[in-house]
Amino acid sequence: MSAQLNATPHRFSEARLAEIAELVKRYPSAQSALMPVLYMAQEDFGYLSMDVQQHVADVLNLRLMQVREVVTFYTMFREQPCGSYLLEVCTSSGCMLNGAYELVTHMADTLGIKIGETTPDGLFTLTEVECAGACGGAPVVQVNNVYHEKATPESMDALITQVRASGGGK
Amino acid sequence: MIPSDPKQVKQICFDRINIPDVHTLAVARKHGAYEFLPTVLAEFTAAKIIDEVKVSGLRGRGGAGFPTGLKWSFVPRNTGKPTYLLCNADEGEPGTFKDRDIMRFDPHLLIEGMIMAGFALGVRDAYIYIRGEFVHEANVLNAAIKEAYAANLLGENILGSGYSMELTVHRGAGAYVCGEETALIESLEGKPGRPRFKPPFPAVEGFYRCPTVVNNVETLATVPAILKHGGAWHAAIGVPNNTGCKIFSVSGHVNKPGNYEVPMGTSLKTLIEDYCGGLQHGSVPKVVIPGGSSTPWLTAEHYNTPLTYDGMIKAGSMLGSGAVIVLDETADVVSFTRRLAHFYAHESCGQCTPCREGTGWLERIMDRIEAGQGCEGDLRVLKDASTHMAGRTICALADGAAAPILSMLKHFPEEVRAYLAENAA
Amino acid sequence: MTSLLINDQEVEVTPGTSILEACRQHGVDVPYFCYHPELSVAANCRMCLVEVEGWGKPAASCCTPVSEGMKVKTQTESLKKDRKMVMEYLLIHHPLDCPVCDQGGGCKLQDYALTHGASKGRYAEHKRAVVNYELGPFVNTCMTRCIHCTRCVRFADEVAGTGDIGVLNRSDHMTIAGIVEEALESELSGNLPDICPVGALLDKPSLDVSRPWEMTHHKGTCTQCPNGCDINIESRGDEVMRIRPVENSPEPWLCDRGRYVYDAFRSDARILEPRVRRDGALAATGWDEAFEQAVALLKGKRVGIVFSPDWSVEAHASIRLMRDALFPDAKVAYDLHRRDLRPFAFEEGFSMTTAQIEAADQVVVLGSDLRQRLPLLMQRLRKRGRAGKPVARIGAMNYRTNMTISSDAIIRPRDWPAVIARAMEQVRVLGKTAAGFDAWLAAVPERHEAGKILADALMADSCALLVGEEIRSHDDAAALIYGIDLLMRACGHAEKDSDGRNLIPEGMNTQSLAASFGDVRISAGELFAQAGAGALDALVVIGSDPMGDGLFPSAAAAVLGKVPLVQIGSISGRTGEFADVQLPASAYPENEGTFVNMEGRIRVATNPIRSLGQERPLWKVMMRLIQVMGGEVPVVSMDELRAVVAGRMPELAGIWASGETDSVMVRPARNRDAACVPRKQDQAFALDVVSRYSMYREGMWARASGLLSEAADLHALDDVLVHPDTLASAGLAAGELTVRSFLGEKVFHVGVREDVSPGVLFIARRGVAGELSDVSAASLSGGK
Ligand SMILES: Cc1cc2nc3c(=O)[nH]c(=O)nc-3n(C[C@H](O)[C@H](O)[C@H](O)COP(=O)(O)O)c2cc1C
Ligand code: SF4
Ligand code: FES
């Protein structure tokens, strides 16, 4: 069983495969390497399409279902593409008490999208996330997993403006 | 033996935290990192280490407060299977952010603690399971681990002692429940993080069905000091049965939120007023959640409760992970509870009936109440649905989900009713 | 033993038992959804909560082991409230569409809602709807009804070994799903609706046609494979609606073949009235005329008899009585799958029970596609594999097993002597030998490395060999089996209690046949050859279909239609095309009778379903035939017939008297003087031919079943397969190629597959190349 659905299937590079082979050795069983390898796949291919998931299954000698279960359980694995800048606003307890809802609403307005959406230019995706584990710096916004603590509407506007001005190159 | 002035005691986990670049091996070593390790590896037996930890009275800092030395002594020896050490760095409990500081500022403290724990437990492979969002922290740890390998502090035959240990950082991917130790184990096995029922306990059958110890970052980071200064030294800090220092992550309506490591037994009031600069509004808190969002709420009447496992239980709550969330008089407890209900509904692993269906149900009722569409009957349902989740599931997430709802109903029934009435009008 | 108090009653159970099992064993009713005695424990439904004195909170009884002196309460006010809440949680998203759900009346959720639930739900928010998914031809999904007990997931993983069902997402978005666009690949899929406690997975073939309370239940024995499972035939009126496993029988599951064959009971292929051939076509007639015709064809003639082993023991006895009374010189063929009819050192049947095989230190499968042949035994091996016990295998193809085989070797059938010889040498080095070794070894010049797997396994304290069709149908089977017998004796596995010699029989009841027909049997191929050579004047075929099944379709085709044929049975099959007279005999679920499975387990059917037409029990047809032919009718009642059977198989007499069937096992025959060494192999053709058995196509019943035929299409492989090296070494490419054998030359489409042994021509027996089943060796050359 291998996926022949996609016309241009994503495949790991030789270097990646070598890296994976090394990684697998650090665990009692290759299945443990599944999450790290999914991160690699997400980095290399943008998101985890069914074809990519099948490829990961093949590489680690797992069943597709074992991969599907993991991909759908964890929120950080994406089955859909997202913008180049993933803006994740924590609205959980500490951040909520320090204005996170006002902040995320403001950002949605600035971007002209709803929470959960991606801007038409594909630059930004805005989402709400659960406690980011940095409540001392509330409110917290993660931009592609870089923490911005004590974020304000102004600091976020500045960030958005800067990205737009630079044409979006990461 | 309670020190008369708690401030005399130096910090344990945060001892080096403010030293610039202490995350690098060179700086860390200059300030005592790995200084005592050769002595431990050469002169201490496993039994002695476990004994010192038992004497120290150290209790797990991850939430449950289980005595660490006792946990280690449950690990069966000579089973023919490997023993694993897993560091729980999932730090997902809303309000908790202490482990992050240890890992990003003083990673070598954790690594040293893990080597010592690994040595005591006969561990060959150890893992740090870190929440997926902590990319920076994972990078810092990986760099520190690399340096440690290069300095023969990890890997084969550590410092010529004959003891070998491999240490790997493993990133989670956005699932609070993976902080629960058996879910963590499932996740580390490359599966969805669904907790396992106990028994068997991980100490006997954990990672790949082998004996496994899971400890919190702070717990492991305390080990080097205990071995260096002796268990008795640690036991003398704090109050009996609640020894040592503890990091409290204070968030919410305080002027100076952040992490504070203080001796156990310090009062809640001291922590908030002396360390955190008091409340943003008013003089006494409306609500204090002392141990992370999963623990029952306290109100102003418990402002003087000592920060100890026992003290908090006596006051009707739990010390949990030491995440103190403070709500001042401006707080809207209904919206706040609604937000927590959403958290638990989002994070339930889905396997147990009461938790899967209950968390979603609670969230939807709270949504409705917040939107002004609640009715008196909802209060009864909220109470029933949360009471019968708690203590009836595989893991304690359901208890955590019930706590805010039950606390809200217990302490602020009138405020909730006002919500119904106000919005119904 | 651990003793504990359950509701103040002291009980004793084995240590480690769960509280729930302890309750079940002692008749204390604790409700549960996710628990299933045959599956791993999940403990997720939380319905089974009980109270243990001194514990702060209720315990899930399914996952809590008992301990000495534990005090358990199952019926407290607080537990009642807990159960009521669990029911309320489960029902908040349930569609409550019981009136249109097949599960209604047999649904745990419905039952518990009544006994444990509240009269009214309080959920007022929006309800969840879940998409359905594809689970193959036999299982219908309605996932909105799912209660997430994960029984199906555990079944797919642990029993079927496919793991194709999984748990996606989390929280209340969690769903049970398969892989989109891929149907479940399991021959056990029909069990899914049974283990689903609600109406999420339902039986597709019987969907929307009946309800549990309309059914009449008949206990029977499945004769679709030698395992002979207990079956519960559910009928509405006389029509069979479903076949299901019987609770507390040795196997809790049924395979799809045994379960879905029932639609053949009403198929057009049934022989429901006596028929005679008139003007080239079969025409219905009365019994009298049909018998008259039969007499005309058979009286005073030299007759060959072919019958199926699947008939009951009593029916077999009646065939023997008929033969002895009417055709005392006739040879009889009942095995369409054996080329070598010399007595085997150990005859067909198992010397171990399935449970013993599951528990043995070592198991070696020798030349069998076990998953197709004996799906439930395969399931036991899977279970054993999960427990970390080895299963080794030697065979002509990497047959799919859905489990990890511990050691595996792919060989050609002609390698078997070399494999056995290699094993003999290895065990002899370790000081284990038997009297016939030298002669046997001397006859075999080659050695094959696969023998190491066999020899290694034989060194264990207990070793079960499962000897399969590749050996049984080998041209030199008697020599191979003698060789294996020697190995078993040498390694100490031939004592009474540690006998691991299991020869997988072709059909039900084969076990008892060596005893009752050993003196008059002949190979079916030989019988057809004699008929073709004019040595026989007529054939009587009883419930067998030699053109559709077995190894002699070409031989049968050469004589059927040329020699007068009287067909007696329940299904017409290909044989019917050539019958001059057809006499209807009732089918297996329609008969009283005794069945002996491969293990020697005995079952007596007493509550058959009613026959559909004029068919009669076979033994009555036999007696009537004797009568009309002018013979003396030997028995006139079932009791008299059984007395005859008891003459040959005394162990059965007690069973009929007492009804107690589990105390006696029928052991396979052993021929201690059946010594023969391998013959020199005929190397005229380069390739060995192995034909693939398909559980969806083999047997008259399966072919008459529309449901199984549909599944057969899903599971079809190419008709002729070879290993790529086989083609490469002959300078050929896949495609149309000429197959040469003793039958002559013919062009077939040849495909390649890595998991076939090089040097083997692998054919789908029931496909277009089925006629090649007759040959054991062939060669390939370019097409055209
Ligand atoms: C839902 C849930 C989430 C948890 N999350 C964490 C966590 O993020 N970090 C942690 O150290 N312990 C967490 N725990 C506690 C662990 O299960 C476990 O008790 C702890 O890691 C043991 O380490 P310790 O003895 O050093 O405290 C959690 C428990 C539950 C029930
Ligand atoms: S209580 Fe909730 S999170 Fe914990 S195992 Fe059960 S369903 Fe999962
Ligand atoms: S049967 Fe025990 S939790 Fe389901």
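In this predicted model, about 2,900 Å² is buried between chain C and chain B, with carbon and sulfur atoms supplying 54% of that area. On the side of chain C, the residues that lose the most area to chain B are C:Tyr89, C:Glu125 and C:Arg170, which together account for 26% of what that side buries. Chain B also makes an interface with chain A, where about 3,600 Å² is buried and carbon and sulfur atoms contribute 56%.

**Interface of chain C and chain B**

- The contact draws 33 residues from chain C and 33 residues from chain B.
- Seven salt bridges are counted between chain C and chain B, and one of the residues that lose the most area on the side of chain C, C:Arg170, forms a salt bridge with B:Glu347 in which the closest N and O atoms are 2.9 Å apart.
- Polar contacts across the interface of chain C and chain B amount to 20 residue pairs, counted where both residues have pLDDT 80 or more.
- Helix H2 of chain C, residues 77-91, provides the largest share of the side of chain C that touches chain B, namely seven residues.
- By class, the side of chain C that touches chain B consists of 17 nonpolar, six polar and 10 charged residues.

**Interface of chain A and chain B**

- Here 39 residues of chain A are in contact with 60 residues of chain B.
- Three salt bridges are counted between chain A and chain B, and A:Glu149 forms a salt bridge with B:Arg100, with the closest N and O atoms 2.7 Å apart.
- The count of residue pairs in polar contact between chain A and chain B is 27, with both residues at pLDDT 80 or more.
- On the side of chain A that touches chain B, the elements giving two or more residues are helix H2 (34-45), helix H4 (64-73), helix H5 (93-96) and strand S2 (124-129) of chain A, and H2(A) gives the most, with four residues.
- The residues on the side of chain A that touches chain B fall into 20 nonpolar, 13 polar and six charged.

**Surroundings of ligand 1**

- Ligand 1 is surrounded by 18 residues, and the closest of these are B:Gly62, B:Asn88, B:Asn215, B:Asn216 and B:Thr219.
- Backbone atoms of chain B approach oxygen atoms of ligand 1 at B:Arg61, where a polar backbone atom is 3.2 Å from an oxygen atom of the ligand, and at B:Glu91, where a backbone N or O atom lies 3.1 Å from an oxygen atom of the ligand.
- From B:Lys71 it is the side chain that takes part, with an N or O atom 3.0 Å from an oxygen atom of ligand 1.

**Surroundings of ligand 2**

- Ligand 2 has 13 residues around it, and the closest are B:Cys349, B:Gln351, B:Cys352, B:Cys355 and B:Cys395.
- The shell around ligand 2 comprises nine nonpolar and four polar residues, with no charged residues.

**Annotated stretch of chain C**

- Over residues 215-269 the model of chain C is 9% helix and 36% strand, and the C-alpha atoms at the ends are 25 Å apart.

Note on methods. Residues are numbered from 1 along each chain as its sequence is written. Chains are lettered from A and ligands numbered from 1 in the order in which they are written. This is a predicted model: local features need pLDDT of at least 70, side-chain atom pairs count only at pLDDT 80 or more; totals for chains, interfaces and linings use all residues. Side-chain values use heavy atoms; hydrogens and water are left out. Contact means heavy atoms within 4.5 Å. Buried area is the accessible area (1.4 Å probe) that two parts lose on being put together, summed over both. A salt bridge is a side-chain nitrogen of Lys or Arg within 4 Å of a carboxyl oxygen of Asp or Glu. A polar contact is a pair of N or O atoms within 3.5 Å; within protein, one must be able to donate a hydrogen and the other to accept it, and residues adjacent in sequence count only if both atoms are side-chain atoms. Ala, Val, Leu, Ile, Met, Phe, Trp, Tyr, Cys and Pro count as nonpolar, Asp, Glu, Lys and Arg as charged, and the others, Gly among them, as polar. A residue is near a molecule or strand if one of its heavy atoms lies within 4 Å of it.
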